[in-house]
There are 2 protein chains.
Amino acid sequence: MKIPNKNPMIRFWNLDEETIFLNHGSYGATPKIVLEEQNRWRKIVEKDPVKFYEDIAPKALLEARKAIADFVKCDYDDLALIENATSGVNTVLRSLDFSINDEILIPNHAYQACRNTVDYVAKKTGAKVITCDIPFPIDNEQIIIERIMNCVTERTKLALIDTVTSPTGIKMPFEELVNLLEEKGVMVLLDAAHGIGMIPLNLEKIGASFTTSNCHKWLCAPKGSAFLHVRKDLQKSIHPLTISHGMTIPLDGTSRFRHEFDWTGTRDISAWCVIPFVISETSKMVGMKWEEIMAHNNNLVIDARKYICEKLDIIPPCPDNMLSSIATIKLNFEDFTKLSIHEPDSIHLELLEEYNIQVPVWYWPNPEGRYIRISAQIYNHLDEYKYLASVLENVCKN
Amino acid sequence: MKIPNKNPMIRFWNLDEETIFLNHGSYGATPKIVLEEQNRWRKIVEKDPVKFYEDIAPKALLEARKAIADFVKCDYDDLALIENATSGVNTVLRSLDFSINDEILIPNHAYQACRNTVDYVAKKTGAKVITCDIPFPIDNEQIIIERIMNCVTERTKLALIDTVTSPTGIKMPFEELVNLLEEKGVMVLLDAAHGIGMIPLNLEKIGASFTTSNCHKWLCAPKGSAFLHVRKDLQKSIHPLTISHGMTIPLDGTSRFRHEFDWTGTRDISAWCVIPFVISETSKMVGMKWEEIMAHNNNLVIDARKYICEKLDIIPPCPDNMLSSIATIKLNFEDFTKLSIHEPDSIHLELLEEYNIQVPVWYWPNPEGRYIRISAQIYNHLDEYKYLASVLENVCKN
């Protein structure tokens with residue numbers, strides 16, 4: 001098979017030229033200019049670390065929060081900068097007081113790390129975990145809304161809702177869900193791990209109690225860059241995972257939430273400092289507005305999925321309007337006896353080792369199947385997915 | 001006054017040439033070669049982030065743990081890599097189950113961020129905080145041992161003990177304290193924020209339940225690099241601040257502790273990956289073994305303190321054998337009415353703005369005073385402290 005064409009945009013990234021990289025979704029990838037800008041910040045740190053942390057950093061982090069707030073439409077004082085969305089989920093769940101009378105609602109498509117956090121907190125506090133089964137394949141969003149709302153009881157204290165599910169790549173009807181759940185007095189923790197830079201977000205309008213999103217995924221910020229948004233009325237209940245000086249610094253016109261989250265011990269905060277640069281310069285670099293980048297990636301994944309499904313004779317597991325810029329496809333297999341959710345799938349390894357295609361393939365039990373998840377980022381080319389489809393045709397035969 | 005000579009070693013760091021940098025203790029400072037090595041790792045990440053996190057990182061982090069274990073004499077499987085010592089203290093305190101029958105013992109010289117964490121956990125669980133008053137100035141270690149052991153009751157569950165106190169710069173008799181406390185059934189959380197690379201540590205011999213230390217301070221690793229050591233018999237009780245996949249991955253020959261701490265969501269782990277390089281190459285760079293670096297810094301701070309105290313007519317607040325490579329001196333002031341623990345001291349600002357000296361000066365209430373804390377790192381020169389002494393002579397007069 002002919003090695004596929006690459007998108008010329010890939011020159012802006014450090015990604016290996018030999019690899020067909022179709023997994024932006026797992027960890028993101030950062031443009032060269034962003035890494036250079038991050039190095040510029042690191043040099044500022046090392047010139048005088050005391051001056052940096054005590055004088056320069058507070059202003060830089062304020063600018064970062066302002067840039068994010070402008071992007072996702074919220075008050076920048078309601079944002080905390082954190083390392084990743086899983087830490088955001090942990091921050092909320094480990095701050096709130098749950099009791100044996102409380103229920104935590106979570107769909108079965110949730111990210112396993114977050115499911116684990118829910119289980120950990122439930123075990124520690126006696127709260128009950130209610131798992132909502134959502135089918136896959138799925139025909140429309142209404143099914144999700146009905147299933148989730150049917151699981152709500154008077155005891156439901158919090159629901160963990162994804163913007164886009166990780167294993168199944170479904171864009172959830174999260175705006176409507178937040179609306180319905182919050183109206184019923186259920187706090188929604190919106191897990192937007194796949195969020196900023198991937199799908200339009202208007203946090204003020206959505207109105208969730210808590211929203212956390214990775215900047216290092218679809219915004220292409222450096223690794224370890226994410227935010228947690230906490231609605232003003234709930235900020236008193238939420239504390240960082242690392243309690244530090246902020247707990248006792250005099251308020252002096254700002255909020256306890258700000259003090260506590262603005263300093264959580266010495267760490268490398270350069271990934272946060274570059275966020276304003278990431279937002280303005282990545283867009284300029286590719287010559288598109290962010291709305292155009294998001295639409296482009298969405299269209300590319302729709303085209304890519306269509307091509308792969310046709311080639312492999314698979315019925316797409318959800319309609320196009322439930323896609324963002326990742327898509328999960330259930331491969332045509334029926335024997336799962338030797339597969340485990342915790343082991344790398346042999347197809348994943350074969351694609352990587354024999355064909356230099358980096359794309360996740362996994363066994364997933366709900367419903368049982370072998371799934372492949374493609375990502376579409378601005379540096380990808382439709383030919384790469386066509387190549388994947390041809391390779392899969394061979395690999396799945398064997 | 002003549003600008004002081006600098007140590008030629010300073011060429012290995014990026015520190016501002018105009019600044020007399022006498023505050024290694026607050027945030028550390030990282031040599032140029034270490035930052036370059038860190039950049040090399042970052043390029044590996046960006047070549048294929050999936051390959052890095054799933055294949056390369058586990059091996060790199062194992063090597064980092066092995067290098068630390070070799071340095072502080074412990075089993076590398078008992079170590080977790082974390083961002084900073086405050087997070088280590090939080091990890092332990094927020095994992096353990098405390099109740100209203102428990103007491104947490106903490107000396108009044110403890111770092112405020114850690115004190116806050118103790119108070120947070122106590123409030124949440126009903127545990128009682130017992131503050132042990134340690135005098136300052138202080139004549140000998142025996143006073144500390146007596147005071148702390150006098151605070152132990154049958155209810156004391158955990159004691160937070162510093163290796164070297166942050167505000168007062170006292171090297172605590174931590175080895176003897178751990179021994180006495182653990183013998184009485186009190187778990188010791190050893191806060192070695194000033195630890196690895198500053199004072200010799202033999203964790204197996206010390207035998208504390210928990211030890212946490214910053215690598216970015218006296219080991220000169222990049223920012224956001226620290227470890228938590230948990231004794232094997234206690235590992236089942238300790239969970240990372242960010243619960244993630246590790247909670248449910250099959251054990252497969254390793255421990256739950258390992259699984260849980262080895263993955264806490266996508267973050268920039270390059271500061272951890274360079275630890276083996278930091279340990280071997282920083283030592284080569286300066287042409288000294290680590291024991292020699294530690295002894296050198298200890299001797300330098302002793303000489304520096306002696307000079308400053310003589311020049312300012314101050315009695316040193318503790319004997320030389322209670323110093324490590326930081327030293328706190330109580331300045332000759334008696335009016336503290338306008339001072340606050342939360343405001344930058346005017347002397348600190350004057351030293352920085354008028355004389356380019358970066359050194360912390362603060363008001364501290366136990367006992368009330370204005371304190372200056374000097375640090376000695378391999379890049380410092382005795383002349384810098386002499387210059388500081390002359391400047392202080394002037395500044396303190398006004």
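In this predicted model, the area buried between chain A and chain B comes to about 5,300 Å², and carbon and sulfur atoms contribute 54% of that area. Within the part that chain A buries against chain B, A:Y27, A:E46 and A:R94 together supply 14%, more than any other three residues. In terms of contacts, 63 residues of chain A meet 63 residues of chain B.

On the side of chain A that touches chain B, at least two residues each are supplied by α1 (24-27), α2 (32-47), α3 (49-72), α4 (85-95) and α5 (112-125) of chain A.

Elsewhere in the description of chain A, an open sheet is formed by 3 strands in the order β9-β12-β11, with antiparallel pairing. The edges of this sheet are taken by β9 (326-330) and β11 (361-365) of chain A, each of which has a single partner strand, so that one side of each is left without a neighbour in the sheet. From one strand to the next, the twist averages 35°. In general, strands of a sheet pair through backbone hydrogen bonds, in either a parallel or an antiparallel manner. In the present case, β11 of chain A is joined by 5 bridges to β12 of chain A (residues 368-375), and these two strands run antiparallel. Across from A:R370 in β12 of chain A stands A:Y363.

The strand β9 of chain A contains A:T328, a residue that counts as buried because its relative accessibility is 2%, where the cut-off for burial is under 20%. Apart from residues up to four places away in sequence, A:T328 touches A:F136, A:P167, A:T168, A:G169, A:P317, A:Y371, A:I372 and A:R373. Two of the distances from the side chain of A:T328 involve backbone atoms: a polar atom of this side chain lies 3.4 Å from the backbone oxygen of A:T168, and the side chain of A:T328 reaches the backbone nitrogen of A:G169 at 3.5 Å.

Definitions and conventions:
Residues are numbered from 1 along each chain as its sequence is written. Chains are lettered from A and ligands numbered from 1 in the order in which they are written. This is a predicted model: local features need pLDDT of at least 70, side-chain atom pairs count only at pLDDT 80 or more; totals for chains, interfaces and linings use all residues. Side-chain values use heavy atoms; hydrogens and water are left out. Two strands pair if DSSP finds at least two bridges between them. Helices (H or I, at least four residues) and strands (E, at least two) are DSSP runs, numbered from the N terminus. Axes are lines fitted to C-alpha atoms, for helices over the stretch in contact, and angles run from 0 to 180 degrees between N-to-C directions. Buried means under 20% relative accessible area, exposed over 50%, partly exposed in between (1.4 Å probe, protein chains only). A polar contact is a pair of N or O atoms within 3.5 Å; within protein, one must be able to donate a hydrogen and the other to accept it, and residues adjacent in sequence count only if both atoms are side-chain atoms. Contact means heavy atoms within 4.5 Å. Buried area is the accessible area (1.4 Å probe) that two parts lose on being put together, summed over both.
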